[in-house]
Amino acid sequence: MAIVLNELDARFKYDVANEPGGENVKLCFACGLCTASCPVADIDPEYNPRKIIRMVLLGMRKEVLSSDFPWFCTNAIPARLIALKM
Ligand code: SF4
């Protein structure tokens with residue numbers, strides 16, 4: 001997936017951070033723990049929570065919101081517990 005610089009939306013991460021459950025998104029340091037503990041990623045190797053968060057932080061609003069991936073999230077406890085520790 002190519003990153004088109006003039007299509008990046010720097011406001012996207014703030015909009016996500018203003019949503020319930022998204023408050024910590026800007027704290028992500030790409031450790032990958034969320035992906036490693038994600039039950040959906042176990043089933044579908046293409047599913048990568050760390051990558052989705054990185055795309056949010058880069059401002060790839062169109063790519064994230066037009067993707068099916070965010071809807072695959074089962075809101076599983078491992079990812080939420082890791083995020084709360086940040
Ligand atoms: S566990 Fe947290 S810090 Fe690590 S990649 Fe996932 S969201 Fe980012």
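## Ring pairs and salt bridges

Three aromatic pairs are counted in this structure. The rule takes rings of Phe, Tyr and Trp (its six-membered ring) with centres within 6.5 Å; planes under 30 degrees apart are stacked, over 60 edge-to-face, and the rest tilted. Y47 and F69 make an edge-to-face pair, because their ring centres are 5.9 Å apart and their planes stand at 65 degrees. This pair links distant parts of the chain, 22 residues apart. Y47 sits in the loop between α3 (39-43) and α4 (49-58), F69 in the loop between α5 (61-65) and α6 (77-85). Helices here are DSSP runs (H or I, at least four residues), numbered from the N terminus.

The model is predicted: local features need pLDDT of at least 70, side-chain atom pairs count only at pLDDT 80 or more, and totals for chains, interfaces and linings use all residues. Residues are numbered from 1 along each chain as its sequence is written, and side-chain values use heavy atoms, leaving out hydrogens and water.

Y47 is buried, at 5% relative accessibility. Buried means under 20% relative accessible area, exposed over 50%, and partly exposed in between (1.4 Å probe, protein chains only). F69 is partly exposed at 24%. Y47 also pairs with F72, and this pair is tilted: 6.1 Å between centres, 35 degrees between planes. F72 lies in the loop between α5 and α6, so the pair ties together parts 25 residues apart in sequence. Ring pairs join Y47, F69 and F72 into a cluster.

T35 belongs to helix α2 (residues 33-36). T35 is buried, at 18% relative accessibility. Its side chain makes a polar contact of 2.8 Å with that of N48. Such a contact is a pair of N or O atoms within 3.5 Å; within protein, one must be able to donate a hydrogen and the other to accept it, and residues adjacent in sequence count only if both atoms are side-chain atoms.

The structure has four salt bridges. Each is a side-chain nitrogen of Lys or Arg within 4 Å of a carboxyl oxygen of Asp or Glu. The table includes some of them.

| Pair | N to O distance |
|---|---|
| E7 and K62 | 3.0 Å |
| D9 and R61 | 2.6 Å |
| R61 and D15 | 2.4 Å |

R61 lies in helix α5 and D15 in helix α1, so their bridge ties together parts 46 residues apart in sequence. Bridges with shared partners join D9, R11, D15 and R61 into one network. K62 is exposed, at 52% relative accessibility, while E7 is partly exposed at 44%.

Definitions and conventions. Helices (H or I, at least four residues) and strands (E, at least two) are DSSP runs, numbered from the N terminus.
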